[in-house]
Amino acid sequence: MYKLLALDIDGTMLNDRHELTDEVRGAIIAARRQGVKIVLCSGRAVGGVTRFSQELEIEGPDEYIVALNGTLIQNASTGEVIEKRALTVEDLKQLYALSRELETNIIFYDEADIYALNKCIHKYVIQEVFLSGVNLYYREIGEITDDYIISKVMFVDDPGHLEKVIAALPPELENKYALVRSAPYFFEFLHPQASKGNALKIIAEKLGIKREEVMAIGDSGNDLSMIQYAGLGVAMENAMDILKKHADYITLSNNQAGVAHAIRKFVLEKA
């Protein structure tokens with residue numbers, strides 16, 4: 001029986017209207033009441049995750065959320081930070097210089113908000129701010145001092161141009177950062193040990209839960225590490241091809257309550 005269920009939020013738990021439907025909500029709460037630990041694992045900042053953890057009653061003293069693609073693990077009840085893996089301001093400055101060279105947009109997250117380093121804010125940045133419910137600030141690169149927390153850095157652009165940007169990245173970056181294509185228009189630079197999979201491993205070990213007792217569901221490139229770590233990795237029907245390739249099971253799409261379908265099949269029916 002699965003004792004821990006890790007869920008991505010956007011494109012997985014939420015439908016394309018960015019809604020948590022009653023069917024999905026009901027299945028998650030039913031699994032939790034059955035004793036399954038629910039961990040929300042998202043690329044969102046903390047505030048964008050806790051709004052759903054509260055709605056789903058994930059507020060116990062030994063329950064956790066994973067924000068910013070594994071950069072931050074936080075106790076869902078107390079807010080205590082269990083793990084934090086940030087980049088440096090020097091990392092940000094180097095990536096900013098690279099973004100200027102490759103003519104692409106760049107933003108970074110601290111633990112709560114988004115900061116744009118381009119005066120012209122890209123439409124996908126505005127979309128991210130709206131969906132996540134976080135604040136957006138503009139900063140000149142020279143204003144970023146060492147007291148800033150750099151949780152993750154993102155290149156943001158139209159998918160076609162971003163493909164060219166990614167192809168032109170220096171190969172040595174692969175050894176310096178965890179690199180993630182989290183959406184067709186987002187490319188992320190993270191601390192080399194930050195990932196949803198690593199965060200899930202830390203939580204499972206803290207709770208004394210075996211790897212084979214972990215189930216994870218996701219749809220994007222940033223979910224690959226947790227799909228590979230989990231005893232049962234589930235990809236949404238709307239998932240990226242690479243996720244489907246590595247998944248143990250492909251559920252219905254996010255618009256067909258695929259999370260609820262997987263929970264019923266592997267958790268509720270088994271019980």
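**View 1. Antiparallel pairing of β4 with β5.** Strands β4 and β5 (residues 81–84) pair in the antiparallel sense over three bridges. The model shown here and in the other views is predicted. Within this pairing, I73 has E83 of β5 as its bridge partner. The two strands form a hairpin with five residues between them, and G79 in the turn adopts a positive phi of about 80°.

**View 2. Antiparallel pairing of β3 with β4.** Strand β3 (residues 64–67) also pairs with β4 in the antiparallel sense, here over four bridges. Y64 stands opposite N75 of β4. Four residues lie between β3 and β4 in this hairpin, and L68 in the turn has a positive phi of about 55°.

**View 3. The two faces of β4.** In a regular strand, side chains alternate between the two faces of the sheet. Strand β4 spans residues 72–75 and is covered on both faces. L72 and Q74 are buried on one side, while I73 and N75 are buried on the other.

**View 4. The chain surrounding these strands.** The protein chain comprises eleven helices and 14 strands. Its radius of gyration is 18 Å, which agrees with the value near 18 Å for a compact globule because the chain has 271 residues. The C-alpha atoms fill a box of roughly 55 × 35 × 30 Å along the principal axes. Of the contacts with a separation of 6 or more, 59% join residues 24 or more positions apart. The accessible surface comes to about 11,700 Å², with 46% belonging to carbon and sulfur atoms.

How values were computed
Residues numbered from 1 in each chain as written. Predicted model: local features only at pLDDT ≥ 70, side-chain atom pairs only at ≥ 80, totals over all residues. Heavy atoms only, no water. Rg over C-alpha atoms; globule rule 2.2 N^0.38 Å. Contact = heavy atoms within 4.5 Å. Areas by Shrake-Rupley, 256 points an atom, 1.4 Å probe, with all protein chains shown as cover. Buried < 20%, exposed > 50% of the residue type's maximum accessible area, 1.4 Å probe, protein only. Pairing = 2+ DSSP bridges.
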